[in-house]
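These are my notebook entries on a single chain. I record what I looked up, in the order in which I looked it up.

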Amino acid sequence: MDEELQKAKKLEDVPSLLLMTGDQVYADDVAGPMLHAIQCVIHQLGLYQEVLEGASLSHSKELTSVANAYYHRDELLPESEFNEDLTERFFGGVRKPVFTTANAGNHLISFAEVMAMYLLVWSPEPWACVTSAEPVDDPDELARYRKEQAAINEFRKSLPQAARAMANVPVYMIFDDHDVTDDWNLSALWETTAYEHPFSRRIIGNALLGYLLCQGWGNQPGNFGQLIEQCQRLFESSNGQHELDTAIQDDLIDQLFHFQHWHFSLPTSPRLVVLDTRTHRWRSEIRRSHPSGLMDWESLTDFQHEIMGEDAVVVVSPAPMFGVKLIEMIQRVFTFFGKPLLVDAENWMAHRGAASVLLNIFGHPRTPRHFVILSGDVHYSFAYDVRVRHKQNGPRVWQITSSGIKNEFPNALLEWLDRLNRWLFAPWSPLNWFTKRRRMWISPRLPEGREAGERLWNGAGIGDVRLDDEGAPTAIRQLDAGGGGTIFKQRAKDD
């Protein structure tokens with residue numbers, strides 16, 4: 001991004017907006033050296049500590065001294081012992097933590113840890129507080145720590161350029177699951193498991209509080225006045241003791257869990273609408289362990305009212321509205337057998353009600369004529385042209401997915417999935433009539449420099465989308481982290 005700014009010769013070459021579509025930080029999967037840096041910042045800046053309830057440790061100050069402080073925090077996280085029947089149904093009889101991430105060894109826990117993480121991610125300045133100590137002794141863990149340290153060092157080198165880019169371009173953000181924890185609100189059963197345990201409730205609340213202060217508040221400050229007042233009350237309650245008042249903290253977290261305005265829109269041209277697909281979910285009526293719809297009926301109705309009558313709209317949906325059919329089918333199969341967690345079975349088509357309402361929006365006579373959807377989440381990139389079948393005056397829809405900045409899909413696996421998806425769901429394939437999107441005609445754009453048949457682009461980087469005056473894309477690029485990338489070109493016909 002910083003290089004793109006430096007290359008800009010004319011005002012129109014300067015990006016209008018930088019949109020981050022979720023998983024800006026991984027609160028549930030922190031590298032060992034980053035966790036050490038977090039503890040250094042907490043100590044040097046005197047960040048507020050807190051009392052912990054329902055945990056094997058009673059205070060956040062103990063997080064630096066317990067034996068499981070590094071690479072073994074999954075053993076500190078709460079387990080669902082309080083409801084063995086729920087554990088049986090949710091985890092298939094396997095005893096597992098409330099938190100479902102496979103990489104919870106350094107999961108952030110306290111509010112101080114979350115805030116220190118954001119400080120270190122957004123700014124090069126707090127790194128002056130970080131020492132070069134290696135707080136692990138086990139040979140295998142030390143080898144892993146040093147490998148991660150090399151990656152962190154590279155991150156630190158580029159941080160000043162990233163900070164400069166974000167200081168010179170308007171930046172808007174929305175959360176996805178890793179900003180809080182993996183599979184956040186995946187199903188009604190997940191919610192029951194997590195929110196009924198005081199320790200997991202606090203951990204989720206601390207992550208959401210960090211998001212409020214370091215990401216969400218800046219999107220539309222007017223929506224957060226009351227919450228910010230509550231934050232001030234919380235911090236003032238410490239009375240110089242550098243310890244948060246437990247009652248006030250829990251009350252604020254309750255308010256965050258019931259907050260209704262994480263989504264937002266901007267009066268740009270075309271209008272930008274950013275969706276919250278995490279906190280207003282449409283819970284499954286079939287089985288509580290099945291994935292919830294990404295938005296409930298009320299939220300989808302509000303979304304429809306927001307865009308009706310607009311000529312063009314840009315919508316940020318963290319998960320693609322139109323994804324890879326084969327991958328969604330695999331997720332559906334795993335859900336049928338009661339294992340949605342194994343494949344992150346979260347997509348717009350996973351819930352019948354949410355999928356139906358969403359697709360009806362595209363068929364509404366007053367839906368925007370140009371409909372650009374920007375997404376991430378899936379760790380590969382693609383672009384689709386989408387139309388409503390048998391409707392000449394229907395909207396022109398573009399699904400543009402860029403993911404992720406520093407996280408790629410396993411390359412060999414993605415190649416096979418890409419190839420199989422092309423064979424099984426070709427335009428003439430009868431399998432298309434068994435999908436919820438059978439009323440939609442979807443044409444994948446072709447990435448320049450692709451291998452034969454390739455539709456999906458696997459390269460960490462960031463998307464670059466240019467729009468004309470009517471809100472239609474004139475160029476769709478993926479700028480790879482290594483300096484390369486691709487252009488997604490519209491094809492003349494299926495090949």
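**Entry 1. Two helix pairs**

At what angle do H4 and helix H7 (residues 198–214) pack, and how far apart are their axes? I worked throughout from a predicted model. I found an angle of about 40 degrees for H4 and H7, with the axes 8 Å apart. That angle makes H4 oblique to H7. I noted the crossing of H4 and H7 as right-handed.

I then listed the residues that meet between these helices. From H4 the contacts come from Phe-111, Val-114, Met-115, Tyr-118 and Trp-122. On the H7 side they are met by Asn-206, Ala-207, Leu-209, Gly-210, Tyr-211, Leu-213 and Cys-214.

I looked next at H6 against H7. Their axes come within 6 Å and cross at roughly 105 degrees. H6 is therefore roughly perpendicular to H7, as angles from 65 to 115 degrees are classed that way. Here Trp-190, Thr-193, Ala-194 and Tyr-195 of H6 meet Ser-200, Arg-201 and Ile-204 of H7.

**Entry 2. Nonpolar cores**

Which residues have the most contacts inside the largest nonpolar core? I found Ile-38, Ile-204 and Trp-262 named for this, in a core of 82 residues. Helix H4 (residues 111–122) supplies the largest share of this core, with 9 residues. Another core lies apart from it and has 41 residues, including Ile-307, Val-315, Leu-326 and Ile-327.

I followed Trp-262 further. Leaving out residues up to four places away in sequence, it touches Ile-174, Phe-175, Leu-208, Tyr-211, Leu-212, Phe-224, Leu-256, Asp-276 and Thr-279.

**Entry 3. The chain overall**

I recorded 13 helices and 13 strands in the chain. Of its 495 residues, 54% are buried. Among contacts with a separation of 6 or more, 74% are between residues 24 or more positions apart.

**Entry 4. Strands**

What is the strand order in the open sheet of 4 strands? I read it as E10-E13-E12-E11, with antiparallel pairing. The edge strands are E10 (446–447) and E11 (461–467), each of which pairs on one side only. E11 pairs with strand E12 (residues 473–480) in the antiparallel sense, over 7 bridges. In that pair, Val-465 stands opposite Ile-476 of E12.

I also examined strand E9 (residues 440–444). As 4 of its 5 residues are buried, E9 is largely enclosed by the rest of the structure. Strand E7 (residues 382–388) runs antiparallel to E9 and is joined to it by 5 bridges. The bridge partner of Val-388 is Met-440, in E9.

**Entry 5. His-178 and the loops around it**

Is His-178 buried or exposed? Its relative accessible area is 12%, so it counts as buried, the cut-off being under 20%. His-178 lies in the loop between strand E2 (171–173) and helix H6 (188–195). Leaving out residues up to four places away in sequence, it touches Asp-23, Val-25, Tyr-26, Ala-27 and Asp-28.

**Entry 6. Backbone exceptions**

Asp-23 has a positive phi, near 60 degrees, and is not a glycine. Asn-185 likewise has a phi near 60 degrees. Asn-185 sits in the loop between E2 and H6, and with a relative accessible area of 5% it is buried.

Where are the cis peptide bonds that I noted? One runs from Ser-269 to Pro-270, with omega near 0 degrees. Pro-270 belongs to the loop between strand E3 (264–266) and strand E4 (271–274). Another joins Ser-403 and Gly-404, with omega about -15 degrees. I located Gly-404 in the loop between strand E8 (396–401) and helix H13 (411–424).

Methods: Residues numbered from 1 in each chain as written. Predicted model: local features only at pLDDT ≥ 70, side-chain atom pairs only at ≥ 80, totals over all residues. Heavy atoms only, no water. Pairing = 2+ DSSP bridges. Core = buried A, V, L, I, M, F, W, Y, C linked by side-chain atoms within 4.5 Å. Buried < 20%, exposed > 50% of the residue type's maximum accessible area, 1.4 Å probe, protein only. Contact = heavy atoms within 4.5 Å. Axes fitted to C-alpha atoms, helices over the stretch in contact; angles between N-to-C directions. Parallel < 35°, antiparallel > 145°, perpendicular 65-115°, else oblique. Left-handed = near helix turned anticlockwise from the far one by under 90°.
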